[in-house]
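The sequence and the model are shown first.

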Amino acid sequence: MMTTKKEKKGQAVSVYTVSQLAAASDKLFGTSKIIVRAALKTSEKKTFTEDEAVKIVNAFRKKEVK
């Protein structure tokens, strides 16, 4: 289920749930579903634009393992 929201410039932007983004994890992020779910869980949000999700997942993957 994809929903849309309005940006300030008047253009509709698609937003996706964590489940939708995890399902497309290979194509969008080049990583597993579990990594995408873990990364997005760190955010308080329920839906994300593709750009937001890519930023969050990439930052998560670059974090140092302690």
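In which helix is the place of Ala 23? Ala 23 sits in helix α1. The model is a predicted one, in which local features need pLDDT of at least 70 and side-chain atom pairs count only at pLDDT 80 or more, while totals for chains, interfaces and linings use all residues. Residues are numbered from 1 along each chain as its sequence is written, and side-chain values use heavy atoms, with hydrogens and water left out.

**Overall make-up**

- The chain holds four helices and three strands, where helices (H or I, at least four residues) and strands (E, at least two) are DSSP runs numbered from the N terminus.
- Read from the N terminus, the order of elements is β-β-α-α-α-β-α.
- Of the 66 residues in the chain, 23% are buried; buried means under 20% relative accessible area, exposed means over 50%, and partly exposed lies in between (1.4 Å probe, protein chains only).
- Contacts are heavy atoms within 4.5 Å. Among those in the chain between residues at least 6 apart in sequence, 36% join residues at least 24 apart.

**Packing of α3 against α4**

- Two packed helices are described by the angle between their axes and the distance between the axes.
- Helix α3 (residues 33-41) packs with helix α4 (residues 50-62) at an angle of about 100 degrees, and their axes are 9 Å apart.
- The axes are lines fitted to C-alpha atoms, for helices over the stretch in contact, and angles run from 0 to 180 degrees between N-to-C directions.
- α3 and α4 are therefore roughly perpendicular to each other, on a scale where angles under 35 degrees count as roughly parallel, over 145 as roughly antiparallel, 65 to 115 as roughly perpendicular and the rest as oblique.
- On the α3 side, the contact is made by Ile 35, Val 36, Ala 38, Ala 39 and Leu 40. On the α4 side, Ala 53, Ile 56, Val 57, Phe 60 and Arg 61 take part.
- Sorted by class, this contact of α3 with α4 has nine nonpolar, no polar and one charged residues. Here Ala, Val, Leu, Ile, Met, Phe, Trp, Tyr, Cys and Pro count as nonpolar, Asp, Glu, Lys and Arg as charged, and the others, Gly among them, as polar.

**Buried face of α3**

- Val 36, Ala 39 and Leu 40 are buried in α3.
- Seen down the axis of α3, its buried residues fall within an arc of 90 degrees, so they line one face of the helix; the arc is that of the directions from the helix axis to the C-beta atoms.
- Ile 34 and Lys 41, on the other side of α3, are exposed.
- The cover over the buried residues of α3 includes α1 (18-23), α2 (25-29), β3 (47-48) and α4.

- Val 18 is in helix α1 and is buried, with a relative accessible area of 19%.
- Leaving aside neighbours within four places in sequence, Val 18 touches Arg 37, Leu 40, Lys 46 and Phe 48.
- Val 18 and Ala 39 are 21 residues apart along the chain, and their C-alpha atoms are separated by 9.7 Å.
- Ala 23 counts as exposed at 59% relative accessibility. Its C-alpha atom is 6.6 Å from that of Lys 33, ten residues apart along the chain.
- Lys 33, in helix α3, is partly exposed at 48% relative accessibility.
- Leaving aside neighbours within four places in sequence, Lys 33 is in contact with Ala 22, Ala 23 and Ser 25.
- Lys 33 and Ser 19 are 14 residues apart in sequence and 8.8 Å apart in space, C-alpha to C-alpha.

**Loop residue Thr 31**

- Thr 31 lies in the loop between α2 and α3 and is buried, with a relative accessible area of 12%.
- Leaving aside neighbours within four places in sequence, Thr 31 contacts Ser 25, Asp 26, Val 36, Val 57 and Arg 61.

**Salt bridge**

- The count comes to one salt bridge, defined as a side-chain nitrogen of Lys or Arg within 4 Å of a carboxyl oxygen of Asp or Glu.
- The side chains of Lys 45 and Glu 52 form a salt bridge at 2.8 Å, N to O.
- Lys 45 is partly exposed, with a relative accessible area of 35%, and Glu 52 is partly exposed at 25%.
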